[in-house]
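Subject: Structure handover

Hello,

Here is the structure for your files. My notes on it follow.

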Amino acid sequence: MPAKLENGQLQVDFAKSSFFTKFDLVSQSQRFQLQNNGEVSPDGKLYGGPQFLRPNNMYVSGALASDNRSAAYLFQSRLDDGRLASGVTLWGK
């Protein structure tokens, strides 16, 4: 079933080698708030924190562009017993 993302946010803290991301996944009349706190490796890879360790509720894996002006990541989250959401996000500055 198609869905859209709203209220997206990606914050990268280069000093702490960490990131925080969140967005609302909207499908029909339902809204799911997904988020993850993770690590940024020295080569710019994004490693999401454990999906089921609060406050995280989605899996994230991605990378920063070499100029640090854009990023992309794959995400996946179990919405309920019968639905799994997965997708790709592209972020630009």
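A residue is called buried here if its relative accessible area is under 20%, exposed if over 50%, and partly exposed in between, computed with a 1.4 Å probe on protein chains only. Helices (H or I, at least four residues) and strands (E, at least two) are DSSP runs, numbered from the N terminus. By that count, strand E2 (residues 18-27) is mostly covered, with eight of its 10 residues buried.

Two notes on the basis of all this. This is a predicted model, so local features need pLDDT of at least 70 and side-chain atom pairs count only at pLDDT 80 or more, while totals for chains, interfaces and linings use all residues. Residues are numbered from 1 along each chain as its sequence is written, and side-chain values use heavy atoms, with hydrogens and water left out.

The sheet

Seven strands make up an open sheet, ordered E1-E2-E3-E4-E5-E6-E7, with antiparallel pairing. Strand E1 (4-13) and strand E7 (83-92) are at the edges with a single partner strand each, so one side of each has no neighbour in the sheet. On average, neighbouring strands of this sheet are turned by 20° against each other, direction ignored; the axes are lines fitted to C-alpha atoms, for helices over the stretch in contact, and angles run from 0 to 180 degrees between N-to-C directions. Two strands count as paired if DSSP finds at least two bridges between them.

Going along the sheet:

- E1 and E2 are antiparallel and share eight bridges; Gln11 stands opposite Phe20 in E2. The two strands form a hairpin with four residues between them, and Ser17 in the turn has a positive phi of about 50°.
- E2 and E3 are antiparallel and share 10 bridges; Leu25 has Phe32 in E3 as its bridge partner. This hairpin has two residues between the strands, and Gln28 in the turn has a positive phi of about 55°.
- E3 (residues 30-40) and E4 (residues 45-48) run antiparallel and are joined by three bridges; Glu39 is paired with Tyr47 in E4.

The core

A nonpolar core means a set of buried Ala, Val, Leu, Ile, Met, Phe, Trp, Tyr and Cys residues joined through side-chain atoms within 4.5 Å. The largest one has 15 residues, and those with the most contacts inside it are Phe23, Leu25, Leu34, Leu46, Met58 and Tyr73. Two or more residues each come from E2, E3, strand E5 (59-64), E6 and E7. In soluble globular proteins, nonpolar side chains tend to be buried together.

Contact means heavy atoms within 4.5 Å. Not counting residues up to four places away in sequence, Leu34 touches Thr21, Lys22, Phe23, Leu25, Asn57, Met58, Ser77 and Leu79.

The structure holds two aromatic pairs. For a pair, rings of Phe, Tyr and Trp (its six-membered ring) must have centres within 6.5 Å; planes under 30 degrees apart are stacked, over 60 edge-to-face, and the rest tilted. Phe23 and Phe75 have ring centres 4.9 Å apart and planes at 65°, so this pair is edge-to-face. The pair links distant parts of the chain, with Phe23 in strand E2 and Phe75 in strand E6 (residues 70-80), 52 residues apart. Both Phe23 and Phe75 are buried.

Single residues

Asn36 sits in strand E3 and counts as buried at 0% relative accessibility. A polar contact is a pair of N or O atoms within 3.5 Å; within protein, one must be able to donate a hydrogen and the other to accept it, and residues adjacent in sequence count only if both atoms are side-chain atoms. A polar atom of the Asn36 side chain lies 2.8 Å from the backbone nitrogen of Gly49, and the Asn36 side chain also reaches the backbone oxygen of Met58 at 2.7 Å.

Gln51 is in the loop between E4 and E5, and at 17% relative accessibility Gln51 counts as buried. Beyond its neighbours within four places in sequence, its contacts include Asn56, Tyr59 and Arg78.

Lys45 belongs to strand E4 and is partly exposed, with a relative accessible area of 38%. Lys45 touches Glu39, Val40, Gly62 and Ala63, leaving out residues up to four places away in sequence.

Pro2 lies in the segment before E1 and is exposed, with a relative accessible area of 72%.

Regards
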